Amino acid sequence: MNDHPHRARRGVRRGTWAVAVVLALSGALFAANASLAHRSSTDRHPQDLRELALKEADRVTSLASQVDDLRAQVDALTAEANAAAGSPQTSPAPGYVVAGGAVPVRGAGIVVTLDDAPADALSNSGARPDDLVVHQQDMQTVMNALWAGGAEAMALMDQRVISTSAFWCSGNVLRLHGLAYSPPFTVSAIGDPERLLAALDKSVEVGIYLEYVDAYGLGWDVKEKDNLELPAFTGATDLTWATVPEGVEVMPGAEPATTTLNSPSEPTAAGTADAEPSDGSDGSDG
């Protein structure tokens, strides 16, 4: 016999209330999950990594276009403000404009294409999988050789390359300025074709890559172009760590120069030989 009937009754009431609360919370949780599942099936959320990558690449392209439009507006407003203040902005030397990628350019040059080995190369050659793909250092090797050979403007895939450009590889996927590319990879350079070809032949590192081309079938193709066109650079150019030291004054009209490996004593002024703005102007100041 229960000595405390009121206490027992309170216990039953508490138990009933707890069950009701649990059931109510469970119902709310199930409803929320069902709503979320319905949203994920109808909203913009990608269903796999490939779809996500493609969606983000499209987003980067759209944002880059917006950045270009905003930069053009900033330049126009800056010029208006300077003119109103009585200090019109002077045009930089053509070498700076070309080297900074501010304008599209055209001129004679070469296009180098690198590609992974065929799919059956692994079983036929006994090579490691790592030997059969184009690596980041392979593209860097080609680009460094072309810069040393006097290249005045360069593009990797469909994007202009400048001093602040950086790219890396994840597997055989190239990532540059927020976009992803699959092989084959192309490096386009404007400059004297003969000097550019000679620089590739002279590079020890490029020679090592060509050994893998012969041994395992990696892709390699070089074509001369009479009228190569490269786009303007569309990424951010703000520097975080690089600053001009105090007391250093940049001379107006001075043009950056690079020294080639073929002729160490013969400097080449960037943007003054073959490369020229492709907008129909003659590349002169003003």
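I take a polar contact to be a pair of N or O atoms within 3.5 Å; within protein, one must be able to donate a hydrogen and the other to accept it. I note at the outset that the model is predicted.

**Entry 1: H135**

I looked up H135 with that definition in mind and found a polar atom of its side chain 2.8 Å from the backbone oxygen of D130. I located H135 in the loop between helix 4 (121–125) and helix 5. Is H135 buried or exposed? The relative accessible area of H135 is 18%, and the limit for a buried residue is under 20%, so I record H135 as buried. Leaving aside residues up to four places away in sequence, I list D130 and C169 as what H135 touches.

**Entry 2: the largest nonpolar core**

I then turned to the nonpolar cores. The largest has 32 residues, and I noted L146, L156, L174 and L200 as the members that touch the most other members.

I examined L156 individually. With residues up to four places away in sequence not counted, L156 touches M139, M143, V161, F167, L174, L176, T186 and V187.

**Entry 3: helix 5 and helix 7**

I next looked at how two helices are placed. Two packed helices are described by the angle between their axes and the distance between the axes. For helix 5 and helix 7, I read a crossing of roughly 135 degrees, with the axes coming within 9 Å. Helix 5 is therefore oblique to helix 7. I recorded the crossing of these two helices as left-handed. Which residues meet here? From helix 5 I listed D138, T141, V142 and A145, and from helix 7 E205, V206 and Y209.

**Entry 4: E152**

Finally I looked up E152, which I placed in the loop between helix 5 and strand 2. The relative accessible area of E152 is 5%, so I record this residue as buried. I also checked E152 against G107: the two are 45 residues apart in sequence, and their C-alpha atoms are 9.7 Å apart in space.

Methods: Residues are numbered from 1 along each chain as its sequence is written. This is a predicted model: local features need pLDDT of at least 70, side-chain atom pairs count only at pLDDT 80 or more; totals for chains, interfaces and linings use all residues. Side-chain values use heavy atoms; hydrogens and water are left out. A nonpolar core is a set of buried Ala, Val, Leu, Ile, Met, Phe, Trp, Tyr and Cys residues joined through side-chain atoms within 4.5 Å. Buried means under 20% relative accessible area, exposed over 50%, partly exposed in between (1.4 Å probe, protein chains only). Contact means heavy atoms within 4.5 Å. Helices (H or I, at least four residues) and strands (E, at least two) are DSSP runs, numbered from the N terminus. Axes are lines fitted to C-alpha atoms, for helices over the stretch in contact, and angles run from 0 to 180 degrees between N-to-C directions. Angles under 35 degrees count as roughly parallel, over 145 as roughly antiparallel, 65 to 115 as roughly perpendicular and the rest as oblique. A crossing is left-handed if the near helix is turned anticlockwise from the far one by less than a right angle, and right-handed if clockwise.
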